[in-house]
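I opened the notebook to record what I looked up in this structure. The entries follow in the order in which I made them.

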Amino acid sequence: DEFDKYATKDSKFNVQYVIGEPLTATKLAELELNLNSSLVYVSGPEPMVKALGADLKEHGLPETQLKTDEFPNYDEASY
């Protein structure tokens, strides 16, 4: 709800929800046409953040535009 509120206040703040499928650089590029000129924040389990971050960089996102927040030791076995 909080992200949705920010999005209604600021047209530059874009929220997209992806549920029931893997989140990849290709999927993000479908949702955000200017992905490689956007600031991308990835937060979640450490393996997902590392994999998606690497995928985004391989697809041309500059490292300076990638912000990450990892939850160490959080995986399928721990939730």
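**Entry 1: the strand pair**

I looked up the bridge partner of Pro45 and found Phe71 in strand 2. I then took Val40, whose bridge partner in strand 2 is Leu66. Strand 1 covers residues 40–45 and strand 2 covers residues 66–71. The two strands run parallel, and six bridges join them. For the term, I noted that two strands pair if DSSP finds at least two bridges between them.

Next I followed the chain from strand 1 to strand 2, and the path goes through helix 3, residues 46–58. This β-α-β crossover is right-handed. The word means that, with the strands pointing away from the viewer, the path from the first strand over the helix to the second runs clockwise.

**Entry 2: what kind of model this is**

I noted that this is a predicted model, in which local features need pLDDT of at least 70 and side-chain atom pairs count only at pLDDT 80 or more, while totals for chains, interfaces and linings use all residues. Residues are numbered from 1 along each chain as its sequence is written, and side-chain values use heavy atoms, with hydrogens and water left out.

**Entry 3: the whole chain**

I counted three helices and two strands in the chain. From the N terminus on, I read the order as α-α-β-α-β. Helices (H or I, at least four residues) and strands (E, at least two) are DSSP runs, numbered from the N terminus.

The C-alpha trace spans about 40 × 30 × 25 Å along its principal axes. I found an accessible surface of about 6,200 Å², and 52% of this belongs to carbon and sulfur atoms. Accessible areas come from the Shrake-Rupley method with a 1.4 Å probe, and for residues only the protein chains shown count as cover.

Of the 79 residues, 20% count as buried. Buried means under 20% relative accessible area, exposed means over 50%, and partly exposed lies in between (1.4 Å probe, protein chains only).

I also looked at contacts between residues at least 6 apart in sequence, and 55% of them join residues at least 24 apart. A contact means heavy atoms within 4.5 Å.

Tyr41 lies in strand 1. Tyr41 counts as exposed because its relative accessibility is 54%. With neighbours within four places in sequence set aside, Tyr41 is in contact with Lys67 and Asp69.

**Entry 4: two loop residues**

I found Ser38 in the loop between helix 2 (25–31) and strand 1. Ser38 has a relative accessible area of 18%, so this residue is buried. Not counting residues up to four places away in sequence, Ser38 touches Glu32, Leu61 and Gln65.

Tyr17 lies in the loop between helix 1 (2–9) and helix 2. Tyr17 has 53% relative accessibility and therefore counts as exposed. Tyr17 and Leu31 are 14 residues apart along the chain, and their C-alpha atoms are separated by 9.5 Å.

**Entry 5: Lys5 and the charges**

Lys5 is found in helix 1. Lys5 is exposed, because its relative accessible area is 54%. From Lys5 to Val15 is ten residues in sequence and 10.0 Å in space, C-alpha to C-alpha.

Last, I looked up the charges: the mean positions of the 7 positive and 15 negative charges are 8 Å apart. Lys and Arg count as positive and Asp and Glu as negative, while His and the chain ends are not counted. The place of a charge is taken as NZ of Lys, CZ of Arg, CG of Asp or CD of Glu.
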